[in-house]
Amino acid sequence: MIDDLQYGTRNKRGDWKPSSPIALPPLVRSKRTINLAGWLLSFVWPWNLITLGLTVLLWSLATPSIKTMQTLSLGWIVPLFFTNWLALFAWFGGWEFVLYRKRVQQRRFKYNGTFPSDKPAAYFWFNDQNIDNFIRSMFISVPIMVAMEVCALWLFANGWGSIEFVTEHPILFALLLVFIPVLHEAYFFFVHWFMHWEPFYQWCHSIHHNSINPSPWTSMSNHPIETVLQFLPFVIWIPLCPFLALYHLNTVALSSVLGHIGFEKIEINEKTAWSTHAYPHYLHHKHFDVNYCDDGYLPWDRWFGTWHDGTAEGEQLMQERFKTKAARKNSRTA
Ligand SMILES: [Zn+2]
Ligand SMILES: [Zn+2]
């Protein structure tokens, strides 16, 4: 068991917070030197390597032959759907089971002292955040994602893109594997900011924000339009290489759990713990108008003035920004 109070503090309500500010992305942490090797290692291990591993596994084991995919038929779409569904069920459900059902870490490193199942709320389906988020993630968002994958594979089987791209351009392929998560973060910052535009927020994104205390099931608990918007840039890779399109889809799906996992660290054993970098998005669910992305690779929120680094100063800056925004709104309506 790791003592989380060596890394942060817990208030009377049981909410834990880290004692250090959320770190800047490694690429911009130091103006003097960029530790490229260190950055690459932290980039690859463990989260992006898991995404790549899952994509390779699904590509090798679950992708039908080109001939089969040339025609849209339930014969290959249904098995493909179930394989992807089960993989994502294992990913989201595994974290949920270990951290929220078995509670193997109890509340160590948990930002919010309560567990969603302890707090029924009428605005969730069946008055239960877990059931609501599970249905929305697994029965709305995952089918949308698999439908996109089916489109990519069907187009590939009919002459769009090439899987030989991997062996013909290995360096470019490797660079794109690094670029895709960075692109997703940048895109997510802008599309997420747009989703907080009042009319769109009320109609669409508010569903995701019903969960103020998120858990892994919250990761893809969205309005269907939000899910489509989040995954959409995968289309860029369809004319190039189907594997990149699938890797992009899996990057969006798998990385979404990190913002909603609710724990600062995942204890692997008595001494080792993996950092999740979940605090920026936890603060987003708590305060709404901050941290539109996690600033994991590039400091988009910092550049656009919406960053909250988890400290008292960050809180003060946010409150001042809220006051200015409210004053501007009032002067417009006066
Ligand atoms: Zn969220
Ligand atoms: Zn939001």
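## Helix α9 and its cover

In this predicted model, helix α9 spans residues 224–231, and its buried residues include Glu226, Thr227, Leu229, Gln230 and Phe231.

Ile66 sits in helix α3, which covers residues 66–69. Ile66 is partly exposed because 14 C-beta neighbours lie inside 10 Å, and a buried residue needs 20 or more. Along the chain, Ile66 and Trp154 are 88 residues apart. Their C-alpha atoms are separated by 8.4 Å.

## Backbone exceptions

Most peptide bonds are trans, and most residues other than glycine have a negative phi.

The peptide bond that joins Trp45 and Pro46 is cis, with omega at about -5°. Pro46 belongs to helix α2, residues 36–62.

Phe109 has a positive phi, near 65°. Phe109 is in the loop between α4 (74–101) and α5. Is this residue buried or exposed? Phe109 has 24 C-beta neighbours inside 10 Å, so Phe109 counts as buried.

His277 also has a positive phi, near 60°. The loop that holds His277 runs between β4 (273–275) and α11 (279–287). His277 has 19 other C-beta atoms within 10 Å, so His277 is partly exposed.

Methods: Residues are numbered from 1 along each chain as its sequence is written. Chains are lettered from A and ligands numbered from 1 in the order in which they are written. This is a predicted model: local features need pLDDT of at least 70, side-chain atom pairs count only at pLDDT 80 or more; totals for chains, interfaces and linings use all residues. A residue is buried if 20 or more other C-beta atoms lie within 10 Å of its own, exposed if 12 or fewer, and partly exposed in between; C-beta atoms are placed from the backbone. Helices (H or I, at least four residues) and strands (E, at least two) are DSSP runs, numbered from the N terminus.
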